[in-house]
Amino acid sequence: MLFLGIDAGTTGAKAALFDERMALAGAGFREYGILYSEPRRAEQDANEVWRTLKDVIRRAVGEKGKEVRAISLSVQGDAVVPVDKSRKPLSLVQLGMDYRAEAEAQELEERLGGYELFEMTGMRPHPLNSLVKMMWWVRHRPDISDKLWKFMTYSDYLLCMLGADEAVIDLTMASRTMAMDINAMDWSKPILRAAGVNAEWLSGPVPPGLAVGKVRPGLAGELGFSKESPPLLVSGGHDQCCAALGAGVTKEGMALDSHGSAEVLSAALPHKRLDREMYEHGYPCYAFVVPERFFTFALNHTAGVLLKWYVENFCGADENAAKKSGVSLYRYAIDRWGGKPTSLRVLPYFNGSGTPRNDRGARGLIAGLTLNTGRFEIAGAVLEALAFELRLNRECMERSGIPIRSVRCAGGGAGSPIGLQLKADVLGVPVHTLKTREAACAGAAVLAAAGAGAFASFEDGASMAGIDRTFEPRGEYQRLYGEKYAEYENLYRVQKEYLRF
């Protein structure tokens, strides 16, 4: 039997085929676009995403379609689209990074209280929340109200498009909307009432890993599956939760570092954590894919984006040399830096800061430049700053009762040995890479397999995640980076009033 894990991300879709031992048997990937029509808007065409998803499924399945037993989904968080009863989108998708609903978020906070909302939902009021995006549509797009059937995330929308029997949303995504009472694990009537959103506009919450139908027979043939015995559709999860599951990060003391355009440090929680410190740091608390457990993460939304900005703007002359070396321009610049501690200090807040500072007005800084400073040293200093942000979040998580004793890495950042060793030295804990880099697809495949009865538990599937390499902290570098980290912390305190949007 084979199991298909699909990852519908912010900028592209991936599909990966796994066997019963979670060995990769096929894969497909394609990018799609983001529309930035106005400031604070970030939208997507759901129809384009669906077409792309079908294409990557065909690429991943190849000639093995009739062996696929079940499918599940890993999806980007917080994106929402209104759809009619025929599953037709009534507007473009509002992505998580679409902040046009800032006034609605502020209003809901004033009505119900910021910390009070967090205690009920595990989510801080913020324009990224799915619920406030729904509020925006209700207020600003009354033309869709007569046709509206459901407000959907990619979790319930894509399941419906594939053939789910009913409109259902998995608990990890439902509990991220800020519309769910995390204590009752159901939609909150008081919150929906305050937001002016009807409960019937929302899909029914279900646990991850639940069989919710089968791929429609006609669609099954189009995608290369068996028409007579199409694959089961199994409810999936938020991409960070699926990536943690696929990486085997299911126990206390472990964390996953997902490093791409953004960098996310995530951890599974044995119990809900809804205290004031979690709230102040901006760490959410929502349902994990493993039953009776919860999930949180720290976010640096300008991690890979910052390195990309620097390298593409200042290392363009090295593009041919990078091609000759057979590596990306980013990897080339980091390799040329070499990993030796720099004499520079960088504040990586080029688009505000993420957790735990949550300072949207912060600006970036490169300090310590001299006429001897080279472009590769600056690239290294950027990477150091990103590692310091990880350490800052690790320390804040520790103070919130979330211990991190080892880190597993996934995403593009897991491809640089120099960057991985840097993280181990700065964090002071072992850093591991995985044999399967597509952790989100692997996590979705584990859910699919469990939903089809191939695993007795999600942990059984997660335990098959294999470690590739381990980077241990080096004593002398730990000391050097400990000193630099103290200077990094002090630099923010000194400069924060002068570096504002």
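Across which strands does helix H14 lie? In this predicted model, H14 lies across strand S15 (253-259), strand S16 (263-269), strand S18 (294-300) and S21, and runs at about 145° to S18.

These strands belong to an open sheet of seven strands, ordered S17-S18-S16-S15-S21-S22-S23, with mixed pairing. Strand S17 (286-287) and strand S23 (467-471) form the edges; each has a single partner strand, so one side of each is left without a neighbour in the sheet. Within the sheet, S21 and strand S22 (residues 431-434) run parallel and are joined by three bridges. Arg408 has His432 in S22 as its bridge partner.

The loop between helix H14 (375-399) and strand S21 (404-410) contains Ser400. This residue is buried, because its relative accessible area is 1%, below the 20% cut-off. Leaving aside residues up to four places away in sequence, Ser400 touches Arg273, Asp275, Glu277, Met278 and His281. By contrast, Leu210 is 190 residues from Ser400 in sequence and 32 Å from Ser400 in space, C-alpha to C-alpha.

A pair of helices can be considered next. The axes of helix H11 (residues 303-314) and helix H13 (residues 329-337) come within 10 Å and cross at roughly 85°; the two helices are therefore roughly perpendicular to each other. In their contact, Leu307, Lys308, Val311 and Glu312 of H11 meet Leu329, Tyr330, Ala333 and Ile334 of H13. The residues of this contact comprise six nonpolar, no polar and two charged.

Lys308 and Glu312 also form a salt bridge with each other, their closest N and O atoms being 3.2 Å apart. Both lie in helix H11, four residues apart, which is about one turn of the helix. Lys308 is partly exposed at 40% relative accessibility, and Glu312 is partly exposed at 41%.

The structure holds 31 salt bridges, and others connect separate elements. Arg139 and Glu107 meet through their side chains at 2.5 Å, N to O. Arg139 lies in helix H4 (residues 130-140) and Glu107 in helix H2 (residues 102-112), so this pair ties together parts that are 32 residues apart in sequence. Arg139 is partly exposed, with 41% relative accessibility.

A further salt bridge joins Arg357 to Glu489, with the closest N and O atoms 2.7 Å apart. It links distant parts of the chain, 132 residues apart: Arg357 is in the loop between strand S19 (345-347) and strand S20 (365-367), and Glu489 is in helix H18 (residues 475-495). Glu489 counts as buried, at 16% relative accessibility. Elsewhere, salt bridges with shared partners join Glu104, Glu107, Arg111 and Arg139 into one network.

Terms used: Residues numbered from 1 in each chain as written. Predicted model: local features only at pLDDT ≥ 70, side-chain atom pairs only at ≥ 80, totals over all residues. Heavy atoms only, no water. Buried < 20%, exposed > 50% of the residue type's maximum accessible area, 1.4 Å probe, protein only. Contact = heavy atoms within 4.5 Å. Axes fitted to C-alpha atoms, helices over the stretch in contact; angles between N-to-C directions. Parallel < 35°, antiparallel > 145°, perpendicular 65-115°, else oblique. Nonpolar A, V, L, I, M, F, W, Y, C, P; charged D, E, K, R; others polar. Pairing = 2+ DSSP bridges. Salt bridge = Lys/Arg side-chain N within 4 Å of Asp/Glu carboxyl O.
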